[in-house]
Amino acid sequence: MEQLTKNVFAETKLRGCNPGYVVTSDGVVVIDTPQLPTYAVRMREECEAKGRIRYIINTEHHVDHIFGNYFFKSAEHVISHEETRKLFMVVYPQINPYEYAKEAMPTDDPEGILLFPDEKTYFADPKRPDITITQDATITVGDHTFNLLHTPGHTPGQLAVHIPEERIVFVGDTIFNHCQAWLYTSNLEQWFHSLEKLLDLDVDLIVPGHGPVCTKQEIYVQRAFLFEWITAVATAVAKGWSKEECIANISFLDRFPCDIGQEYMGPEVTKNNVAALYDFLTVKMPAMAEKRQADGN
């Protein structure tokens, strides 16, 4: 794994999220776990060589951030937002999360096929969060502070993990650095507020959920990209395009392809992003406006 500071390590070049860990004077704190079994085991062994694993902090409930928890049975506790625990291993209606994790094995981790648990064994003990929060919280482990910041938007239980002593923050999927954002069930209004919240942090480095390690400048890029998505679909709606026409004609894959190992999913991700935004603009927003008007009366 790449060493980012004296005590912080992260992996950004494998399929799945960008997991990492922090070495403290009283053990190791893991932030998200690898989706691929071989790398999950390797990361756990690397952590154990540097101290007992005090905590895993899961930044969200999607497979690529939590599936590897199964291989970290030695971790003392798993922390997440309450919403992440409620939605643990729930992805999207059209995706079976277990099969989605398994699908990556032949191409991205053939050595891990023998490590991959059957579905019944996995769900019997996937190492779910046993400590949850509902608002910003802070924990201290040895000589390090971990500020757990609720940053909803991409998911309801999204967390950022700020380690001030290292001047670094892990932001999960609040930032997709120069790769395609998944907007299927996102709340973009919350997402914009969360990006503003991250701007207030005094940090040198950001570990995004996907893509290379970056600086705070990437917050502006992510915000602009979300605005592009909304503007593109809103403009198409204004032209009278149907949902099918929007799906056929709107794409940003030339500039923001899907992350490592997921390139083939680009068309499907784009389709679902467009469909979600179309429904928001044509169904949910008018309904919200009607409700506000009714409440005002």
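**Exercise 1. The largest cavity**

Identify which elements each supply at least two residues of the lining of the largest cavity, and describe that lining by class.

*Solution.* 
Step 1. The elements are α2 (63–66) and β11 (168–176); helices (H or I, at least four residues) and strands (E, at least two) are DSSP runs, numbered from the N terminus. The model is predicted: local features need pLDDT of at least 70 and side-chain atom pairs pLDDT 80 or more, whereas totals for chains, interfaces and linings use all residues. Residues are numbered from 1 along each chain as its sequence is written, and side-chain values use heavy atoms, without hydrogens and water.

Step 2. A search of the whole structure finds 3 cavities of 30 Å³ or more. A cavity is a set of points on a 1 Å grid over the protein atoms alone where a 1.4 Å probe fits but cannot get out, and lining residues have an atom within 4 Å of a point.

Step 3. The largest cavity holds about 150 Å³ of space, a volume being the space filled by probe spheres set on the points. It is lined by 15 residues, of which His 62, Asp 64, Tyr 100, Trp 182 and Gln 262 are the closest to its centre.

Step 4. The lining comprises 7 nonpolar, 5 polar and 3 charged residues. Ala, Val, Leu, Ile, Met, Phe, Trp, Tyr, Cys and Pro count as nonpolar, Asp, Glu, Lys and Arg as charged, and the others, Gly among them, as polar.

**Exercise 2. The second largest cavity**

State the volume of the second largest cavity and name residues that line it.

*Solution.* 
Step 1. Its volume is about 50 Å³.

Step 2. Its lining includes Glu 11, Arg 15, Cys 17, Gln 35, Tyr 39 and Asp 64. By class, the lining has 6 nonpolar, 3 polar and 3 charged residues.

**Exercise 3. Helix α8**

Check the span of α8 and determine where its buried residues lie around the axis.

*Solution.* 
Step 1. Helix α8 covers residues 217–238, which makes 22 residues. The expected span is 1.5 Å times one less than the number of residues. For α8 this gives 32 Å, in agreement with the end C-alpha atoms, which are 32 Å apart.

Step 2. Glu 218, Ile 219, Gln 222, Phe 225, Leu 226, Trp 229, Val 233 and Ala 236 are the buried residues of α8 (buried: under 20% relative accessible area; exposed: over 50%; 1.4 Å probe, protein chains only).

Step 3. Viewed down the axis of α8, these buried residues fall within an arc of 145°, so they line one face of the helix. The arc is that of the directions from the helix axis to the C-beta atoms. As a rule, an α-helix has 3.6 residues a turn, so residues three or four places apart point the same way.

Step 4. Exposed Gln 217 and Ala 238 sit on the face turned away from the buried side of α8. Gly 240 follows α8 and has a positive phi, near 90°.

Notes: 1 Å grid on protein atoms, 1.4 Å probe; cavity = no way out; pocket = protein on both sides within 12 Å on 5 of 7 lines; lining within 4 Å.
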